[in-house]
Amino acid sequence: MTLGTAAGPTASPSGPTGQDAGLDGQSAAVALPPRAVRVEQAEAAAGRLRTAAVEAVAVTWVDNAGITRVKAVPLGGLVHAAQWGVGAAPCFDAILADDGFATGPGVGGPIGDLRLYPDLTRVVPLAAQPGWAWTPGDRYTQDGSPHPGCQRLFARRMEAAAAERGLTLKAGIEVEWVVALAGGPQDEPQYPTHGPAYGMHRLTDLSDYLREVLRALGEQGLTVLQIHPEYSPGQFEVSVAPEGPVCAADTSVLVRHTVRAVSARHGLRVSFAPVVEPDTVGNGGHLHLSLWRDGRNLGHGGSGPHGLTAEAEGFLAGVLDALPELLVLGCSSPAGYLRLVPSHWAGAYQCWGLENREAALRLVTGSTGERAAAANAEVKCFDASANPYLAVGAVLAAGLAGLDQHRSLPPEFTGDPAAAEPGTVPRLPAGPAQALAAYERSTVLREALGGPLYEAVLAVRRAEDEQYAAATPEQLVAATRWRY
């Protein structure tokens, strides 16, 4: 993925009463804009959406299990939703992928209420769902304070933390999916195309479907860089232009929703699950990112490895060192560890390398002549079960810690680490229990997430680990295949 320029919306620095000028940058970034500003935004948005024949607006958030949840309002109710939010029970902090709930002190429960506020800087009519629009939401308490368990607000805080250091980031999340013929919730996938991996056969078989995916994404204001068949049966991938980290997470939600909606219109179903069939290459959710200061890409033109500046090297060293605990946020489902296996281009080893697709952290310089714009790094061990806001926010937290500590990268690995002498290259956790142990040791993530969000994530991961501890790979895949 080439990481070019992109601009995202910025939050108002004013809080509920408009008197928060003394807040630091991170607090200001997540403060609720004044009610008058919200009403003005909503009225302007409603006018645009009415012209586009929109009748209802879906407001989404992503839970700690990686499932996108939604509340919808009729267009006539958008101004009220912007003024007062939409009710959202705090128990969703503890919901599991199968709609059960984790339990624990201070996690979930039936008591209390939150308010889900639509971010009207991002609202867009849905091209594959006539009459509908979509926008991401942020969760606040009833008194207008940021909900400490809101994953999107966490990502916004981390983006603001980078800005306080004079840094901006450009990010993009690749979206991979498997398309299948419609069937029951327990059915194994039956594919509408049986062409070879990366083969033109697949594009020919589903050319109308893929063209509609492209058209819908374009009509929603997204710039598609490429779309192509992937390795596994019925598998495809789409990449869109990079944006700021929070906007990139928003876009990944919108892209997946659009793919699902277009598929439904063609009588197809999709799975973004980490593994759709046992012992096959699964769906990744690779995160690309680059670090910038004053318009300069810090991944190019430096004296470090392959042109990295000291700041970029410190940032990437922090990410690399934290990968075991980052899996708790970037490889959310227990099924993700069935994808994270050696020699499958999944990034199963804790190492880095230039264009090394077996390394968990792949350095991409781009072609000669475009490197000042294109140089970036790819986190390959993440998959689409991740909450994208948690994933980007946690990577930012780990990277900024490495930058602040002036970390250096270890020697790069240039081959397939699976073929190396045993013990030469650390293997990333092979299951959720190992990743959770690393997560519980991480002071960086505990401090960055804050106590309530850190504990809620821990409770959900523990519950799903226990839920599937005795499951065979076949049972685990069947239980998660159609949940993502």
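Gly172 has His288 of β12 as its bridge partner. Strand β7 (residues 168-173) and strand β12 (residues 287-293) are joined by six bridges and run antiparallel. This is a predicted model, in which local features need pLDDT of at least 70, side-chain atom pairs count only at pLDDT 80 or more, and totals for chains, interfaces and linings use all residues. Residues are numbered from 1 along each chain as its sequence is written, and side-chain values use heavy atoms, with hydrogens and water left out.

**Strands**

- Helices (H or I, at least four residues) and strands (E, at least two) are DSSP runs, numbered from the N terminus.
- Two strands pair if DSSP finds at least two bridges between them.
- Five of the six residues of β7 are buried (under 20% relative accessible area, with exposed over 50% and partly exposed in between; 1.4 Å probe, protein chains only).

**The four-stranded sheet**

- An open sheet with antiparallel pairing has the strand order β9-β10-β8-β11.
- β9 (224-229) and β11 (268-271) are at the edges with a single partner strand each, so one side of each has no neighbour in the sheet.
- On average, neighbouring strands of this sheet are turned by 25° against each other, direction ignored.
- Five bridges link β9 to β10 (residues 235-240), and His228 has Glu237 as its bridge partner in β10.
- Helix α6 (residues 207-219) packs on the sheet and touches β8 (175-181), β9, β10 and β11, its direction making about 160° with that of β9.
- Helix α7 (residues 245-265) also packs on the sheet, touching β8, β10 and β11, and its direction makes about 150° with that of β11.

**Helices α4 and α11**

- Helix α4 (residues 151-164) packs against helix α11 (residues 388-404) at an angle of about 30°, with the axes 8 Å apart (lines fitted to C-alpha atoms, for helices over the stretch in contact; angles run from 0 to 180 degrees between N-to-C directions).
- That makes α4 roughly parallel to α11 (angles under 35 degrees).
- The contact (heavy atoms within 4.5 Å) involves residues including Phe154 and Met158 of α4 and Leu396 and Leu400 of α11.

**Ala386**

- Ala386 lies in the loop between β16 (376-379) and α11 and counts as buried at 6% relative accessibility.
- Its contacts, leaving aside neighbours within four places in sequence, are Gly66, Arg256, Leu329, Gly330, Ser332 and Ala391.
- Ala386 and Asp63 are 323 residues apart in sequence, and their C-alpha atoms are 9.4 Å apart in space.

Notes:
Angles under 35 degrees count as roughly parallel, over 145 as roughly antiparallel, 65 to 115 as roughly perpendicular and the rest as oblique.
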